[in-house]
Amino acid sequence: MAGDDYLARLNPEQREAVETLDGPVLILAGAGTGKTRVLTTRFAHLLKTGRAWPGQVLAVTFTNKAAREMRERVSAILGQPAEGLWLGTFHSLCARMLRRHAELVGLTSAFTILDTDDQMRLLKQVMDAAGVDLKRWPAQGLMAQIQRWKDRGLTAERVTPAEDTDYAGGRARPLYAAYQSRLRDLNCCDFGDLMLHMTEVFRGHPAVLADWNRRLRYILVDEYQDTNLVQYYWLRLLAQSHRNICCVGDDDQSIYSWRGAEIENILRFEKDFPNAKVVRLESNYRSTKPILAAAAHLIAHNNGRLGKTLRAGRKDAEGDKVRVVSLWDSEEEARMVGERIEAARRAGHKLAEIAILVRAGFQTRAFEERLIVLGLPYR
Ligand SMILES: Nc1ncnc2c1ncn2[C@@H]1O[C@H](COP(=O)(O)OP(=O)(O)OP(=O)(O)O)[C@@H](O)[C@H]1O
Ligand SMILES: [Mg+2]
């Protein structure tokens, strides 16, 4: 895209979120309101206006796929491939940083990142060597505890008695310490260590942190509602000097509480970054009015919301009403859905326009069986 066209593709709120470049910005927005579009445009805008070189922006996405998409979209706006970017997931960015500072946590830059199987194997060895009865105290339980501690930024030394557990007669903490020292001996770290080690490096080495603060002048964070505490500390440390941090999140969309995400991070942002500019994006470009109304009605019951309303942003937003149907069991449900699909097909709709959403993977089975019986191809 040529020139400044990229700004013209934004609505006024989105534009404000993109053009407020200095100081902390919290973009609170619902599903499909253009959060990712705004963050990507902001990234490109920082480069286009000469505010920052590509290597001076840190952009965090939640998946590697999202990082690739952001890279492509930034490149498209720039009109050339964007290179040398600090763009990726929390873990990939931390792994990259840790390679440069590995010796500060007792590793060398060639350290290995263990997968979950190797992690478990190592922990079992450590427990075995300490004489823990693995039948009585399964290693999975301790691994989960260690991950929780790591998600909250707690090294074994930082775990206070109040944070401790009864696991293996109160031995979780020393076992955690032994596991860490074993990892160090092998020049390895696990996934959770990437974040933890880097926050420890920043906390213990002000000169290193100051260097990163100078280097990374602008910080962008997508899916901020899904960050956990250690990720939050890491961001806060990186942003503390210049405060040019822009987080995009939806307090109604947190899906990762099971892996330590802290919705409070959103609620905390305004406190930790006083005078943060808060921009709300409330025009949804993905769904029709009846769908938005039904969703708003449901999430109004959630606790811990900052509150926002979604309006339809599309020009063709009228659409059919949402229907709620109660059925006896999954087979009856699959039969009903199958009939609806056949009816839609007779009415001239393409199968590729029809989707079935379920809450968990196992629930697709009844539908698949029914679709096979009806001879309806699906993916
Ligand atoms: N100002 C706009 N005008 C027209 N379409 C837009 C506008 N902003 C966003 N869209 C479109 O709306 C859709 C959703 O955008 P985007 O993925 O950026 O939203 P999001 O808020 O990040 O969604 P999610 O909640 O899934 O993360 C995309 O198809 C995007 O192109
Ligand atoms: Mg998004």
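First, the ground rules. Residues count from 1 along each chain as its sequence is written, chains are lettered from A and ligands numbered from 1 in the order in which they are written, and side-chain values use heavy atoms, with hydrogens and water left out. Because the model is predicted, local features need pLDDT of at least 70 and side-chain atom pairs count only at pLDDT 80 or more, while totals for chains, interfaces and linings use all residues.

Let's start with ligand 1. How many residues surround ligand 1? The answer is 15, and the closest are Gln 14, Lys 35, Thr 36, Arg 37 and Arg 286. Here, near means a heavy atom within 4 Å.

Now the polar contacts, meaning pairs of N or O atoms within 3.5 Å; within protein, one must be able to donate a hydrogen and the other to accept it, and residues adjacent in sequence count only if both atoms are side-chain atoms. The side chain of Gln 14 puts an N or O atom 2.8 Å from a nitrogen of ligand 1. Arg 286 has a polar side-chain atom 2.8 Å from a ligand oxygen. Gly 32 uses a backbone N or O atom, 3.1 Å from an oxygen of ligand 1. On its own, ligand 1 has 640 Å² of accessible area, and the protein covers 73% of that. Those areas come from the Shrake-Rupley method with a 1.4 Å probe.

Which helix gives the largest share of the shell? Helix α3, residues 35-48, with three residues. Helices are DSSP runs (H or I, at least four residues), strands likewise (E, at least two), numbered from the N terminus.

Next, Thr 20. Thr 20 sits in the loop between α2 (12-19) and β1 (25-29). The Thr 20 side chain reaches the backbone oxygen of Glu 16 at 2.7 Å. Leaving out residues up to four places away in sequence, Thr 20 touches Val 25, Arg 42 and Lys 277. Touching means heavy atoms within 4.5 Å.

Last, the helix pairs. Axes are lines fitted to C-alpha atoms over the stretch in contact, and angles run from 0 to 180 degrees between N-to-C directions. Helix α11 (206-215) packs on α12 (229-239) at about 75°, axes 8 Å apart. So α11 and α12 are roughly perpendicular, a term for 65 to 115 degrees. Leu 209, Trp 212 and Asn 213 of α11 meet Leu 237, Leu 238 and Ala 239 of α12.

Then α6 (116-129) and α7 (139-151): their axes come within 10 Å and cross at roughly 110°. That makes α6 roughly perpendicular to α7.

Conventions:
Parallel < 35°, antiparallel > 145°, perpendicular 65-115°, else oblique.
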